[in-house]
Amino acid sequence: MARLNINGRVVDIAVEDDTPLLWAIREQVGLTGTKYGCGVAQCGACTVHVDGVATRSCSTPVSALDENQKIVTIEGLSPDGSHPLQRAWVALDVPQCGYCQSGMIMAAAALLAANPKPSDADIRGEITNICRCGTYNRVQAAIKQAAGGNQANG
Amino acid sequence: MNQIASLNRRGFLQVSAALGAFTLGIRVPEAVAQGAAQGAASPEVNAWVVVKPDDSIIIRIARSEMGQGTLTGLAQLVAEELNADWSKVSTEYPTPGQNLARNRAWGNMSTGGSRGIRESHDVVRKGGAAARMMLVEAAARGWGVPVSECRAANSTITHQPSGRTTTYGKVAEAAARLTPPTDMPLRDPKDWTIAGKPLPRLDTVDKTNGKQIYGADLTLPGMLNAAIRDCPVFGGKVASFDAAKVAGMPGVKKVVQVGETAVAVIADTWWRAKTALDALPITWDNGPNAQVSSASIAEVLKAGLEAPEAAIGNRAGDARAAIASAAKRVEAVYGYPFQNHATMEPMNATALWTPERCEVWTPTQNGEAALAAASEAAGLPPAKCEVYKIHLGGGFGRRGAVHDWVRQAVEIAKQMPGTPVKLLWSREEDMLHGRYHPITQCKLTGALDAAGNLTGLAMRISGQSIVAGIFPQNIRDGRDPVVFQGLSPGGEEGAFGYAIPNILIDHAMRNPHVPPGFWRGVNLNQNAVYVECFMDELAHAAGRDPLEFRRALLKNSPKHLAVLNAVAERGGWGQPAPEGRARGLAQIMGFGSYVAACAEVSVSPAGELTIHKITAATDPGHAVNPQQIAAQVEGSFVYGLSAALHGECTVAEGRIEQENFDTYPVMRMAEMPAVEAILMPSGGFWGGVGEPTIAVAAPAVLNAIFAATGKRVRQLPLKHADLRRA
């Protein structure tokens, strides 16, 4: 049993302690925007925020978390898809198959929260998620665009 | 709105009741099941076009969307001829079962070989044109005026003499009752207003907010989950397993054997199924291939390089004689490894089986092939089966020709009659049971005369045939024509551009036990490495500039030459490169398009490679969506460079050694070069864009590495090469 705060809601989840956060989110909470890609923290498709930090949920057991830690998934990033990154993603038509994009956006959102004006080198160093369709250059451009459009908050 | 009303079947009603068809991402054609639209609330004007009373338009797409943008591109072609208001257009998939029931009204559903647009442009444009003609005719009849006085634009029909107007939505029901036209003149692409434009994709928003549903995300009421392990050694099978050991684990419902080779655990959740599977004692009978290794496969291929028997792909003059009398002879052997598609979403399918009916929900590149696989596994005729295509988390060829995961899902569901079961492969299962990029070696021998002209070329490919592995019935006289992609003497698919008086390109088929598959770019990938790197070697041996050397040989191939010239010019060929950088070129034709690349790289004294920039040119004939073509070209380099830099599956004791991204690395953002995509559609033909440029990525980079270091890398992937300067 785990008690978690997901997207601002505290939920009790009946799972074994070693269940990865990813599978609790997908199978018990029913939020499927967070994806399974590798299960070993390599690909980043499962990236969520834990207290604002980009976290690979496939390798984070629920026992490592409690209700005081704020977990945010792609569904909770903004109420209506209006996060500057989401707007930039749409403006630049970033996704191809789209499977990795939730994780990409969550990784990028954590980067911008910590570093509102990242350089290209910052982005390339920090965003280590795998995309097999090959959206990297548009991801990079969209992060730059979102950062540029976010100056008032920067 | 109710997309499922006409499909009066349990599975769909459940899906609808639980989640709503739209949130599932499954849109089942509402009029499809009836075969016609009489009296329907939302008339099907024809198989391709549904117009609703509110003027919204649904365009049916037979091919699968896996990221390549075909939903948008094909819809643009229909909408162009339909004179549709693009802002009102959405898309849906007809099901394979309905295609079957309606005498294949939507034609081929296979989505591979960069054929989505190039193979169906004609039929979808005619579908759009026919629907427009019927809508106009319906309006004209309603007004009692000649059709010739009416014009359609932007989903509105105008009677020109009187200025009266109506909309598609208002006349769609009447249009649907008309006899379809048989002669549908199509617009000249130069007059396009919707097609040919860099329109945004129709499917982007849901991919930015987590709403897009993939096969792995599917949930049906009462559904159970399965995790599977197939014998890691190809050709092996299950000897025994001890189900009692895991029967009491949390959530476990059943442990089942799947065919002769696999075992699955069915549980309430996938994580519990996988946890129990990991704990399940399984003994394998590893079968006849348990001693095969990468080294033993390499020996077999090496022998094929010298074998007397080979199937000929391209022959002119007498290459052997030219080589024997050459002033200078150049020889090199190249090799290309097994590679996994590694789609981000592992293979999965959800199946619901009863003795009367079998339904499967799965991401597939070929719904009809998935239906055939489901039918066979279910032991039911195709008419009693159905496949619902779910959005793909990557395809790249893995989800096309072979539906092994669908068979497994159905075989599992058969052991839980009446209960939907979702089978999801772990990444490890996906890596161990791929349909791998074929392994080949290639020996090339070139003959140069005293003036440095190329007078002869012999090219012996030894290794695996995808066709022999998947469609053996298509092998004729031991010859697999697909092996020669990009090397053929002519044809629309991939013509060899170089004019060489004496040429012999042949293939000694050597098929290891590792199953091959169509892998984005297919055989063009290694063929481009072999030819284009060797062209560089020949130019070097002849003391010629690699661009000039190629230009002379491409004098009879103006389209090949044009893309090569374009990348040379934009890539700065012939001008000094920035300090420490060097450039390489490659060109080839494949999948109906002409492509070339100029790569700019640097190599540090420690041997570390940086790919700074790739300039790529594509002539696909007609360009349906330029910004999507640019996205495909950028993406193709991630796929192609991942393969060139890292991609390798090795074999030990009959099985693949790499099980996840830690041992099968792929390119990440930090390695990604800048890409400049030059689109130069010359018109008059329809080429593919999803694959061709993959092939020029590796040779352009390898040639640039030679220019930077003087080192020829002839065995991929590059991660094994020592690039420190000698």
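How many residues does helix α5 of chain B have, and what distance does the helix reach from its first C-alpha to its last? In this predicted model, α5(B) covers residues 116-143, which gives 28 residues. The helix reaches 39 Å from end to end, close to the 40 Å expected at 1.5 Å a residue.

At D122(B), α5(B) bends by about 45°. The helix is mostly covered, with 20 of its 28 residues buried. After α5(B) comes G144(B), and the phi of G144(B) is positive, near 70°.

I turn now to a neighbour of this helix. Helix α3 of chain B, residues 70-82, packs against α5(B) at an angle of about 35°, and the two axes lie 7 Å apart. The crossing of these two helices is right-handed. On the α3(B) side, the residues in contact include T70(B), G73(B), L74(B), L77(B) and V78(B). On the α5(B) side, they include G116(B), I117(B), S120(B), H121(B), V124(B) and R125(B). As a general point, an α-helix has 3.6 residues a turn, so residues three or four places apart point the same way. Sorted by class, the contact of α3(B) with α5(B) contains nine nonpolar, seven polar and four charged residues.

N154(B) sits in the loop between strands β5 (150-153) and β6 (156-159) of chain B. Is N154(B) buried, exposed or partly exposed? N154(B) is partly exposed, because 14 other C-beta atoms lie within 10 Å, a count between the 12 or fewer of an exposed residue and the 20 or more of a buried one. Leaving aside residues up to four places away in sequence, N154(B) touches N83(B) and D85(B). As for a distance across the chain, the C-alpha atoms of N154(B) and A568(B) are separated by 42 Å, and these residues are 414 residues apart along the chain.

Finally, the contact between the two chains. Chain B contributes 46 residues and chain A contributes 45 residues. Within chain B, the elements that give two or more residues to the side touching chain A are α7 (270-279) and α17 (626-645). Which of the elements gives the most to that side of chain B? The answer is α17(B), with eight residues. By class, the side of chain B that touches chain A has 22 nonpolar, 16 polar and eight charged residues.

Notes:
Residues are numbered from 1 along each chain as its sequence is written. Chains are lettered from A and ligands numbered from 1 in the order in which they are written. This is a predicted model: local features need pLDDT of at least 70, side-chain atom pairs count only at pLDDT 80 or more; totals for chains, interfaces and linings use all residues. Helices (H or I, at least four residues) and strands (E, at least two) are DSSP runs, numbered from the N terminus. The expected span of a helix is 1.5 Å times one less than its number of residues. The bend at a residue is the angle between axes fitted to the seven residues ending there and the seven starting there. Axes are lines fitted to C-alpha atoms, for helices over the stretch in contact, and angles run from 0 to 180 degrees between N-to-C directions. A crossing is left-handed if the near helix is turned anticlockwise from the far one by less than a right angle, and right-handed if clockwise. Two residues are in contact if their C-beta atoms, placed from the backbone, lie within 7 Å. Ala, Val, Leu, Ile, Met, Phe, Trp, Tyr, Cys and Pro count as nonpolar, Asp, Glu, Lys and Arg as charged, and the others, Gly among them, as polar.
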